Amino acid sequence: LPASKAREGGIAANQVFKADIDTFVREVLQNSLDQAIKDEDGSTHRVDARFTLERLTGDRMRDLLDAIGWDTLFYHLEDSDLNGGETISGRLREGLELIEMDSIRVLTVEDRNTKGLTGSEDGDSNFANLCRNQLVTSSDRKESGGSFGIGKSVLWLFSTLSTVLFSSRPVDREDLRFIGRTYLPSHDAFGKTWQGPGWFGAPEEDDGRPWAVSMQGEDGETVAERCGLYRAPGEFGTSILVLGFD
């Protein structure tokens, strides 16, 4: 918990959008279009997007869950289901019950000819505003059709496990970049009380406090491949996997 000890009793953003597929597609595509690659003459590349819906069972499901540390994530989800309030508890129970039945539905959205998740781990970068910040719009997006503020919340709204994975080949670096984020209310796990959000990535420390940064290099590529999110060098853009899509 933060120094204030303030707890979050639910997910307010879940009340903002009508949970229909038109809203989901509109918000996701708008973010892709806003990141279209432009040439020096100002011309914009055509953005391609692909939506893939799959039901995973058996070894494929277990390999995906193992790749993102399910043995740890499960306990955060379980307590959030029990004590998270009406904005999220029912959804988490649906996702957890399906996994108990050896089944999980995932939706993968891949875009191409976009800038990808560029910039620093925090601050006002494209990466941070999608994967880390809340209600923050990048300074270079003032004329865009959307922002990384409210619109991105549809990704977690449509996840019965409130967890989304990101894999990207950004234009500003050679390595693939991978990170996962879970968006939960305050909850108890492992003998501690936690503020809601959590990240899956490479562990580091900042002023003595642990945090997760994006996985890159061989580690990032290995996890991305296990999650079905590998992107070949030169395939600029971002792949997003909504875990437990419904």
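Q: Before we start, what do buried, exposed and partly exposed mean here?
A: Buried means under 20% relative accessible area, exposed means over 50%, and partly exposed is in between, using a 1.4 Å probe and protein chains only.

Q: Okay, and what kind of model is this?
A: It's a predicted model, where local features need pLDDT of at least 70, side-chain atom pairs count only at pLDDT 80 or more, and totals for chains, interfaces and linings use all residues. Residues are numbered from 1 along each chain as its sequence is written, and side-chain values use heavy atoms, with hydrogens and water left out.

Q: So is tyrosine 75 buried, exposed or partly exposed?
A: Tyrosine 75 counts as partly exposed, because its relative accessibility is 41%.

Q: How many aromatic pairs are there in the whole structure?
A: A search turns up nine. Rings of Phe, Tyr and Trp (its six-membered ring) pair if their centres lie within 6.5 Å; planes under 30 degrees apart are stacked, over 60 edge-to-face, and the rest tilted. Tyrosine 75 and phenylalanine 190 make an edge-to-face pair, 5.6 Å centre to centre with 70 degrees between the planes.

Q: What about tryptophan 156 and phenylalanine 166, how are those rings arranged?
A: Their centres are 6.0 Å apart and their planes sit at 50 degrees, so that pair is tilted. Tryptophan 156 counts as buried at 4% relative accessibility, and phenylalanine 166 counts as buried at 0%.

Q: New topic: which ring does arginine 177 lie over?
A: Arginine 177 lies over the face of phenylalanine 127, 3.9 Å from the ring centre. The rule is that NZ of Lys or CZ of Arg must be within 6 Å of the ring centre and within 35 degrees of the ring normal.
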